[in-house]
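Okay, everyone, I'd like to walk you through one model this morning. Have a look at it first, and then I'll talk you around it.

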Amino acid sequence: MKCKGKIKVKAENGKTRATNCNEQLELHAIFCPKCGEPTKALSTDLSAKQNFNEIWEQFRTIKSKFYTTALLVIIPLLAIIAGIYFRENLAEIVKIDQYYFTNLLLLVFIPFLLTPFASKPNFSKNLTLKFQFYPKMFLVTLMNLLYFFILKIICTGYHLNLFVDPILHLVMVVLVLYWITIMIFVPILVIRKKTNPIKAAVMCYKASAETRWQQFFLVLQITFVNVIGVLFFGFGLLISLPLSYILIENYFAKLEQYQLFN
Ligand SMILES: [Zn+2]
């Protein structure tokens, strides 16, 4: 594939004129190394929309294969939802602050939700909880909760008894979303590349330089399908939960193809 960008060259009469760049592009280039023109990668291979269409096309015919996985995943999810719902009473029983109680709840149950990333959820192998990866996913969860805790202190003055501008609450929401968008592949990296959560976070940050918006769309898709899943008396979660794992997994595979984690 040749670059279709324009470059300026000096003509014989000393004037500059625009000409086609025509640089031979590597198969998995996102930008032309010569003129900087974006290739079609972000609107084709690396497009979150294309990722969704590809997956949905295959997934919808075999979705019943993943019901058992979804039922297993729903258990820790329900524990979190119930815990948050009753946090006032529960926090009082264990005599800790409600915020700490919620975090403790997330720290215990989120790792279960991350373990299915260890099962390489393609369409031939079944997606399931992998308990042996609980300790690693616990560390991943801990790292994220610590980051959110620091954000909370900075943005809301929590524990410091300081007055902070309410706009910082909004800033916090944006930073949390931004963080999730970038760090979405950390669990997969920790498992597949056998690295620690901090190194995986750095890899994710570097890899997402060009694909951040597409990753944000991916996060929106996942939120959207699960909201729809909840709407049908929760039964839709049987479809939306496995679909979410596979969407993340497939997009990760694309980033791998483009060698963005190297
Ligand atoms: Zn070019």
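**A quick tour of the model**

So, the protein has 10 helices and 2 strands; helices (H or I, at least four residues) and strands (E, at least two) are DSSP runs, numbered from the N terminus. Before I go on, this is a predicted model: local features need pLDDT of at least 70, side-chain atom pairs count only at pLDDT 80 or more, and totals for chains, interfaces and linings use all residues. Residues are numbered from 1 along each chain as its sequence is written.

Reading from the N terminus, the order of elements is β-β-α-α-α-α-α-α-α-α-α-α. The C-alpha trace spans about 85 × 55 × 35 Å along its principal axes. The domain assignment, which is automatic or from a database, gives domain 1 (1-39) and domain 2 (42-257). Taken over C-alpha atoms, the centres of domain 1 and domain 2 are separated by 40 Å.

Let's start with the strands. Strand β1 (residues 6-10) and β2 run antiparallel and are joined by 5 bridges; for two strands to pair, DSSP has to find at least two bridges between them. They make a hairpin with 5 residues between them, and G14 in the turn has a positive phi of about 90°.

V9 has 9 other C-beta atoms within 10 Å, so V9 is exposed. The bridge partner of V9 in β2 is R17. Leaving aside neighbours within four places in sequence, V9 is in contact with T16, R17 and T19, where contact is C-beta atoms, placed from the backbone, within 7 Å.

Now for the inside. Across the protein, buried residues make up 27% of the 262 residues. The largest nonpolar core has 42 residues, and V186, L189, C204, L247 and Y251 have the most contacts inside it. By nonpolar core I mean a set of buried Ala, Val, Leu, Ile, Met, Phe, Trp, Tyr and Cys residues joined through C-beta atoms within 7 Å. Helix α10 (residues 237-257) gives the largest share of this core, 12 residues. Beyond its neighbours within four places in sequence, L247 is in contact with N51, F52, I55, L218, Q221 and I222.

Next, helix α2 (residues 67-85). Its 19 residues should span 27 Å at 1.5 Å a residue, and its end C-alpha atoms are 26 Å apart, so that agrees; the expected span is 1.5 Å times one less than the number of residues. α2 does bend by about 25° at I75, with a proline, P76, following within four residues. That bend is the angle between axes fitted to the seven residues ending there and the seven starting there. T69, A70 and V73 are buried in α2, and what covers its buried residues includes α4 (98-114) and α10.

Last stop, L129, in the loop between α4 and α5 (134-156). L129 has 18 other C-beta atoms within 10 Å, so L129 is partly exposed.

Key. A residue is buried if 20 or more other C-beta atoms lie within 10 Å of its own, exposed if 12 or fewer, and partly exposed in between; C-beta atoms are placed from the backbone. Two residues are in contact if their C-beta atoms, placed from the backbone, lie within 7 Å.
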